[in-house]
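Subject: Structure for you to look at

Hi,

Here is the structure I promised. Please open it next to this email and follow along.

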Amino acid sequence: MTECEEASSRPATLGVKLEHNATSPGHVTQRIHLIVALLLIAGRTASATPCQFEAQGEGRVAGVVDARSVRLDDGREVRLVGIEATATTRQALTSLLVGRDVILRGTDDTPDRYGRQGALLFIGESETSVQAMLLGQGDALVSAEVADKDCAAALMASEAEARRQKRGSWADPSAIKNAESPDDILAGIGRFMVVEGKVLSVRQAGAMTYLNFGRNWTHGFAVTISKRTLPAFQNAGITLKSLENRRIRVRGWVEGTTGPRIDVLRVGQVELLGANELTGVRP
């Protein structure tokens, strides 16, 4: 018998022995311990699946309200957390969800100021969230708002795969903006964008830290990080000064007048780009 065959036969052999000695008190206790151990293992396996938060309700999708919100047949409105919309998100949502039964998962079911419940949506018993499906198709962008590290990483991985395969919006070469072309970024003011580039300098002014991508601080693209966000970067093992001369990918809402800015509120908005990592713009 090979080592693998021997290992695979052990559970069955153990079960036979336990059943044979079922009347022995010691073996009854052993059986209970075995059952508890198997339940604990199963629990750990289930919890290891990303984004499997506590169920916060369920329902059938009656319609799509906008590119990030759907209405259930009982009248509730649900906002899909963790993503930002692209030009194709609404149509993709309609195709995926209308008329389907969904489970809402999350850490908090408190409605937002518009009365919408924020949640990750799962179709039926699927272990893959609708958000991950949209990201994997290139029909959405990661918003970086999900705090759970494993779930956030899973969503980012779905987006990264779509980006590598040039699916959906990633088929457009301009989907990722070049930090060296601030006018292109500024043209999208008020929109959620993904920008790549090399941080030329890191400067602090008052309670704000600036990651500058251009030598002209007035007109060049910059990322702003407030003092209250610094502990999150420190907890992630990132010092802002260490980002100088590093290539990064940043995502967020574009602001500014003379020069474009993205205000970083969460660590997940910033990705360090390794030397061998595929980027969307030329170095």
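**Ground rules**

This is a predicted model: local features need pLDDT of at least 70, side-chain atom pairs count only at pLDDT 80 or more, and totals for chains, interfaces and linings use all residues. Residues are numbered from 1 along each chain as its sequence is written, and side-chain values use heavy atoms, with hydrogens and water left out.

**The whole chain**

The protein chain has 7 helices and 15 strands. Both are DSSP runs, numbered from the N terminus: helices are H or I with at least four residues, strands are E with at least two. Of its 283 residues, 40% count as buried. Buried means under 20% relative accessible area, exposed means over 50%, and partly exposed lies in between (1.4 Å probe, protein chains only). Contact means heavy atoms within 4.5 Å. Among contacts with a separation of 6 or more, 60% join residues 24 or more positions apart.

**Helix α4**

Start with α4, residues 130-137. Here 6 of the 8 residues are buried, so the helix is largely enclosed by the rest of the structure. The buried ones are Val130, Gln131, Ala132, Leu134, Leu135 and Gly136. What covers them includes β3 (77-80), β4 (83-85), α3 (89-97), β6 (117-123), β7 (140-142) and α5 (149-165). Gly138 follows α4 and has a positive phi, near 80°.

**Helix α5**

Now go to α5. It has 17 residues and reaches 24 Å from its first C-alpha to its last, close to the 24 Å expected at 1.5 Å a residue. The expected span is 1.5 Å times one less than the number of residues. Asp148 caps the N-terminal end of α5, with a side-chain oxygen 3.3 Å from the backbone nitrogen of Asp150. Just after the helix, Lys166 takes a positive phi of about 55°.

The buried residues of α5 include Cys151, Leu155, Met156 and Arg163. Their cover includes β6, α4, β7, β8 (176-178), β13 (247-255) and β15 (270-272).

Is Arg163 buried or exposed? Arg163 is buried, because its relative accessible area is 14%. Leaving out residues up to four places away in sequence, Arg163 touches Trp170, Ile176, Arg249, Arg251 and Glu271.

**The two pockets**

First, the term. On a 1 Å grid over the protein atoms alone, a pocket is an open set of points with protein on both sides within 12 Å along at least five of seven lines, and lining residues have an atom within 4 Å of a point. Grid points are joined across faces, edges and corners, and a volume is the space filled by probe spheres set on the points.

The largest pocket has a volume of about 590 Å³. It is lined by 22 residues, and the closest to its centre are Ala147, Lys149, Ala152, Val267 and Gly268. Which helix gives the most to this lining? It is α5, with 5 residues. The lining divides into 14 nonpolar, 3 polar and 5 charged residues. Ala, Val, Leu, Ile, Met, Phe, Trp, Tyr, Cys and Pro count as nonpolar, Asp, Glu, Lys and Arg as charged, and the others, Gly among them, as polar.

The second largest pocket holds about 450 Å³ of space. Of its 21 lining residues, the closest to its centre are Ala85, Thr86, Leu141, Arg191 and Phe192. Strand β9 (192-198) supplies at least two lining residues, and so does β4. By class, this lining has 10 nonpolar, 4 polar and 7 charged residues.

Best wishes

Notes:
A polar contact is a pair of N or O atoms within 3.5 Å; within protein, one must be able to donate a hydrogen and the other to accept it, and residues adjacent in sequence count only if both atoms are side-chain atoms. On a 1 Å grid over the protein atoms alone, a cavity is a set of points where a 1.4 Å probe fits but cannot get out, and a pocket is an open set with protein on both sides within 12 Å along at least five of seven lines; lining residues have an atom within 4 Å of a point.
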